[in-house]
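Please keep the structure open while reading.

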Protein chains: 2
Amino acid sequence: MAGNLELTLSDRLRKSPYYEATLRSGAKSFTIYNHMLMPVVYEGSDDDYWNLINNVTLWDVAAERQVEITGSDAFRFVEYITPRDLSSLQIGQGKYALITDENGGVVNDPIILRLGESHFWLSIADSDVLLWAKGLACGLGWDVQINEPDVSPLAIQGPNNLPLMVDLFGDWVKDIKYFFFKETELDGIPLIVQRSGWSKQGGFELYLRDGNQGERLWDLVMKAGEKYDIKPGTPNNIERIESGLFSWGNDMDLNTNALELPLDMFCQLDKNAEYLSRDALHKTRSEGVTKKIVGLFVEGEAFDGGCASPWKVSINNKRCGKVTSAAYSPRLKKNIAIATIDRGFNAAGSEVEVDTPWGLRLATVTTIPFK
Amino acid sequence: MAGNLELTLSDRLRKSPYYEATLRSGAKSFTIYNHMLMPVVYEGSDDDYWNLINNVTLWDVAAERQVEITGSDAFRFVEYITPRDLSSLQIGQGKYALITDENGGVVNDPIILRLGESHFWLSIADSDVLLWAKGLACGLGWDVQINEPDVSPLAIQGPNNLPLMVDLFGDWVKDIKYFFFKETELDGIPLIVQRSGWSKQGGFELYLRDGNQGERLWDLVMKAGEKYDIKPGTPNNIERIESGLFSWGNDMDLNTNALELPLDMFCQLDKNAEYLSRDALHKTRSEGVTKKIVGLFVEGEAFDGGCASPWKVSINNKRCGKVTSAAYSPRLKKNIAIATIDRGFNAAGSEVEVDTPWGLRLATVTTIPFK
């Protein structure tokens, strides 16, 4: 029951370089992400889902803005903002990381790309990391320059991504490992090509480095994709929940402690580099978290939509958490949800009740990713 | 030609405590502001305009989020983030201020409210000032605590605001001076009442301090307003341009130097307190700005809508700026616009050409507010 409303346009809601192309391609409904219009529906959420699962799709994800960090303290600064150990991050490699504040709260969860020894991009979720990073750098007085470059990602996602990418760029793209990237161009359009994307269906992101070439890039990819029956697509809520990808602003935010997420492999609390949240996260580790982000299998009929406001989770009529994302999974043939649940009630196998728009439902706690 | 699109709802796009009440009251179209749904149209932009100009209206402006600053360094910190001299800011008083970064760029333009000796709220426009302020404070290592409290403003705007406010709260509200405020309650609902609001039609903002009481507060005000024929309303684009109120994200942003705005009275560059942008703004003052934000009177037929993407401003076919806000003013009976125009072309009386959606139009530079 996500539902929709009418959105009044305004210059404040920025348009992506692909905006006109997405309208031409049939974009039906949008969200606002990093102050920018982002299409989220073409044929309909279910049809868009199957296009992504079965084939190959092209997404306007220009709203994944980049925060560029340069200067002699750039590497030290990038280590400082995250509990992830970045000491082995190579030039040409990206890593997913949680950006954490002084309390261990999650400011954002970008991919950190290393373009040079002292040159990084944070490819961000929906919060003004630019302001966080600039403020922190100003206060610290370190030698870093931070700005938003003219970069607008376009994603090619779905199982048939590779032949299309080979047609566009050549065989060398096959050798790009997950989250690694190369600087290149397509018909003179400057790009960074990374094996990445906000789905688990495989694919690449093309980071366009000239906002004037958006429509031309879109059209070049769509034309080359015709033989693979490419469809316009978007980050798909059903697929991303199935795949266990968390959404900042939905499943976590500044009030979420990094250790409440099942993302231990991205938090090296004892890393050598100094980082802002060290004391807070060490304290949380020793005391234990008071709530956890977990999966739920929810019983009953298939959900007729998603979760547009948190759903209450309770046990014996006592509130013990909230559902923040939900979908009927066509592949698992189950209702699945991402929830934040209090200590004592969040172990795998625990039973809880969820107050859905379709009535009270029994649910069982499970691990993420869903299996 | 602002136009509109379909917006897909999501938990990430937060709902105000008045959300359901605004739907009941006929909210037709929304924007996203500070990650939150905000209604911007009821009967239609023109009818909404006349309701505001002639009568009294009730606005859900919960999206004006508050950034709360406390701690022993709170006052020093609030002085540090703005070139405005706040030394005379009294407890119970608010002041409009530009928050500026190390380059003098505008991070946001909030009202700063002083609730106690070391207790402030920034009532913000559409950027994550919370992240900016927290980052800066972390870097500086000052003793300040910064968070987003449970506060949701509701605005009563329009010439008939005062009799309604007296009915609700009593005669004492007449004595509140512009931007001053009092802590109070209405039928047990905790509030701060300030004489303020994002229009020049007069009015108050009620800062609700309990998000669970939003619908009750809305209904209490609407009920009391019946005898004044109160209407639901919103910040109105036509009125705010007529009134010379700038909109962060439209008319200015981080790339706008504070001195490019015609807001000298809010910038005391030689104030005693230390502030982050001092060096940058002193440099800009001595070198002069390279562009200015000015008003335009635009010739030809009445605009059939606003400006949803910047319009090119040129002289002799050479680009010299952009229009960032525009409307036909029913009171001035002229097309008016807010524009950023390069040095050499922005003096009052200068003639330029504007590339509007309705063709190329001649325009004359004027001062803001429009007269």
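**Contact between chains A and B**

The model is predicted. In it, 46 residues of chain B are in contact with 46 residues of chain A. On the side of chain B that touches chain A, the elements that give two or more residues are β1 (4–8), β2 (29–33), β3 (36–41) and α4 (129–140) of chain B. The most comes from α4(B), which gives 10 residues to that side. By residue class, the side of chain B that touches chain A holds 21 nonpolar, 15 polar and 10 charged residues.

Strands also pair across the two chains: β1 (residues 4–8) of chain A runs antiparallel to β1(B), with 5 bridges between them. In this pairing A:Thr8 stands opposite B:Asn4 of β1(B).

**Helix pair in chain B**

Helix α5 (residues 161–169) and helix α6 (residues 214–225), both of chain B, have axes that come within 10 Å and cross at roughly 120°. The crossing of α5(B) and α6(B) is right-handed.

| Helix | Residues in the contact |
|---|---|
| α5(B) | B:Leu164, B:Asp167, B:Leu168 |
| α6(B) | B:Val221, B:Ala224, B:Gly225 |

The residues of this contact of α5(B) with α6(B) comprise 4 nonpolar, 1 polar and 1 charged.

How values were computed: Residues are numbered from 1 along each chain as its sequence is written. Chains are lettered from A and ligands numbered from 1 in the order in which they are written. This is a predicted model: local features need pLDDT of at least 70, side-chain atom pairs count only at pLDDT 80 or more; totals for chains, interfaces and linings use all residues. Two residues are in contact if their C-beta atoms, placed from the backbone, lie within 7 Å. Helices (H or I, at least four residues) and strands (E, at least two) are DSSP runs, numbered from the N terminus. Ala, Val, Leu, Ile, Met, Phe, Trp, Tyr, Cys and Pro count as nonpolar, Asp, Glu, Lys and Arg as charged, and the others, Gly among them, as polar. Two strands pair if DSSP finds at least two bridges between them. Axes are lines fitted to C-alpha atoms, for helices over the stretch in contact, and angles run from 0 to 180 degrees between N-to-C directions. A crossing is left-handed if the near helix is turned anticlockwise from the far one by less than a right angle, and right-handed if clockwise.
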